[in-house]
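Welcome! Please take a moment with the sequence and the model below, and then let us walk through them together.

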Amino acid sequence: MPQIDLEIIQYSVLGLLCFAAGIQLYYLLFEMAVPGFRKSSLSAKSSSFKPVSVIICARNELKNLRNFLPIIMDQDYPDYQVVVVNDCSWDESGKYLDEMEDAFKNLKIVNIREQEKYQHGKKFALTLGIKAAIHEHILLTDADCRPAHRNWIRQMMAGFTDKKEIVIGYGAYDKEPGLLNKWIRFDTVMNALLYLGRAMKGKAYMGVGRNMGYTKSLFFRNKGFANHYHIMSGDDDLFINETATRDNTSVVIEPESFTYSKPKTSLVTWIYQKRRHMSAGSYYKSSDRIFVGNYYFSLFLFWLMLILAILVKLNWQIVVGIVAIRLTIQMIVCWKGYKKLAESDVFLFIPFFDIFSAFAYPLRSASFVG
């Protein structure tokens with residue numbers, strides 16, 4: 001290969017490497033650092049204890065309902081209702097829920113019967129649950145989730161201040177042995193640093209149904225899920241994407257506000273779950289698709305150019321310097337974020353998972369940007 005051609009290639013690779021590193025540093029310093037470094041001004045002690053309805057949709061979730069519904073019913077909060085939507089379950093959920101409804105006056109069960117001519121998704125069940133709620137403020141979680149603390153409702157309700165109609169919390173996964181568990185939690189935390197940081201800057205683009213809340217007024221003003229009812233996913237993130245504004249959204253990430261759920265135990269089931277969640281991304285606002293897509297595209301480009309830099313024998317001191325700067329800032333930012341979200345044990349896996357995620361999600365950026 002002629003010398004001039006190699007130099008052009010080397011300069012091109014170096015330029016693209018610096019470009020990708022620059023974008024990554026922007027995301028790390030000005031977006032993902034926000035949850036870890038910014039102190040919350042919200043205080044559960046100052047909450048006015050507004051009455052709230054907790055909505056849970058369940059289909060054949062008998063085991064999870066037995067494990068987690070008693071924890072929901074044992075929350076330390078003066079005035080709350082729990083609405084469980086029994087969505088066409090054919091296990092013993094109905095019998096168990098009837099027993100629980102007899103035992104707790106603040107528990108309401110909504111039963112949906114299977115109809116061959118009308119197939120529905122979670123959005124229909126959730127809409128019925130919200131209609132059955134007697135309070136203006138609602139909190140959402142899933143049947144397989146448990147609150148981290150008896151103060152979960154108290155902490156999340158602290159986010160409903162003044163003009164705030166949406167509260168976004170953190171939905172974590174249980175810590176279990178094995179590399180897959182660490183990968184799932186790494187993926188969850190990195191996504192959380194992105195969407196929580198964005199929301200704390202007044203530009204919320206998503207939340208997770210495992211732990212979030214909004215008002216009934218906002219839900220009905222938006223005509224529920226009418227704009228994306230035909231899509232199976234998106235009852236959480238698409239609703240937030242179309243209703244959140246700079247002024248109406250708050251973020252609560254106090255440890256007692258977290259919820260935990262069981263992670264998938266096989267890579268195949270996790271990929272299926274991930275693809276279902278990602279399918280809603282193409283319906284985000286254009287600016288949000290670009291925001292998320294650019295992060296994953298720049299991550300992919302960074303590691304690809306690093307490999308090419310080695311192959312074309314780029315000056316190793318420059319390459320090492322660029323990698324060292326990005327890695328140092330990434331570890332500092334993630335240490336604060338992971339610590340805030342109680343995921344510190346995954347911290348040391350970041351360099352390995354960072355490379356894996358860069359090439360595992362080459363289509364992810366396309367699904368958002370496209």
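Which residue forms a salt bridge with Lys262? The partner is Glu176, and the closest N and O atoms of the two are 3.4 Å apart. A salt bridge here is a side-chain nitrogen of Lys or Arg within 4 Å of a carboxyl oxygen of Asp or Glu. Lys262 sits in the loop between β10 (259-261) and α9 (267-278), while Glu176 sits in the loop between β7 and α6, so the pair ties together parts that are 86 residues apart in sequence. Glu176 is partly exposed, with a relative accessible area of 23%. For such words, buried means under 20% relative accessible area, exposed means over 50%, and partly exposed lies in between, using a 1.4 Å probe and protein chains only.

Before going on, a word on what you are looking at. This is a predicted model, in which local features need pLDDT of at least 70 and side-chain atom pairs count only at pLDDT 80 or more, while totals for chains, interfaces and linings use all residues. Residues are numbered from 1 along each chain as its sequence is written, and side-chain values use heavy atoms, with hydrogens and water left out. Helices (H or I, at least four residues) and strands (E, at least two) are DSSP runs, numbered from the N terminus.

Side chains of opposite charge can pair when their charged atoms come close. The structure holds 15 salt bridges. One of them joins Asp174 to Arg146, with the closest N and O atoms 2.6 Å apart. Asp174 belongs to the loop between β7 (171-173) and α6 and Arg146 to strand β5 (residues 145-147), so this pair ties together parts that are 28 residues apart in sequence. Asp174 counts as buried at 10% relative accessibility, whereas Arg146 is partly exposed at 26%.

Two helices are linked as well. Lys274 forms a salt bridge with Asp187, the closest N and O atoms being 2.5 Å apart. Lys274 lies in helix α9 and Asp187 in helix α6, so parts that are 87 residues apart in sequence are tied together. Both partners are buried: Lys274 has a relative accessible area of 13%, and Asp187 has 5%. Elsewhere, salt bridges that share partners join Lys175, Arg185, Glu343 and Asp345 into one network.

Now turn to the strands. Strands of a sheet pair through backbone hydrogen bonds, either parallel or antiparallel. In this account, two strands pair if DSSP finds at least two bridges between them. An open sheet of 7 strands runs in the order β3-β2-β1-β4-β8-β6-β9, with mixed pairing. At its edges stand β3 (107-112) and β9 (249-251), each with a single partner strand, so one side of each is left without a neighbour in the sheet.

Within this sheet, 6 bridges join strand β2 (residues 80-87) to β3, and the two run parallel. Val84 stands opposite Ile109 in β3. Strand β8 (residues 212-215) is covered on both faces, with Met212 and Tyr214 buried on one side and Gly213 and Thr215 buried on the other. Strand β4 (residues 137-142) runs antiparallel to β8 and is joined to it by 4 bridges, and Leu139 stands opposite Gly213. Strand β6 (residues 166-168) is also antiparallel to β8, with 3 bridges, and Ile166 stands opposite Tyr214.

A further open sheet has 3 strands in the order β5-β10-β7, again with mixed pairing. Here β5 and β7 are the edge strands, each with a single partner, so one side of each has no neighbour in the sheet. β7 and β10 run parallel and share 3 bridges, with Ala172 partnered by Tyr260.

What lies inside? The largest nonpolar core has 73 residues, and those with the most contacts inside it are Tyr170, Tyr195, Leu196, Tyr214, Tyr338 and Leu341. Such a core is a set of buried Ala, Val, Leu, Ile, Met, Phe, Trp, Tyr and Cys residues joined through side-chain atoms within 4.5 Å. Helix α6 (residues 179-200) gives the largest share, 12 residues. A second, separate core of 27 residues includes Leu62, Val84, Ile109 and Val252.

Finally, look at helix α11, whose buried residues include Val319, Ile322 and Tyr338. Just after α11, Ala342 takes a positive phi of about 60°.
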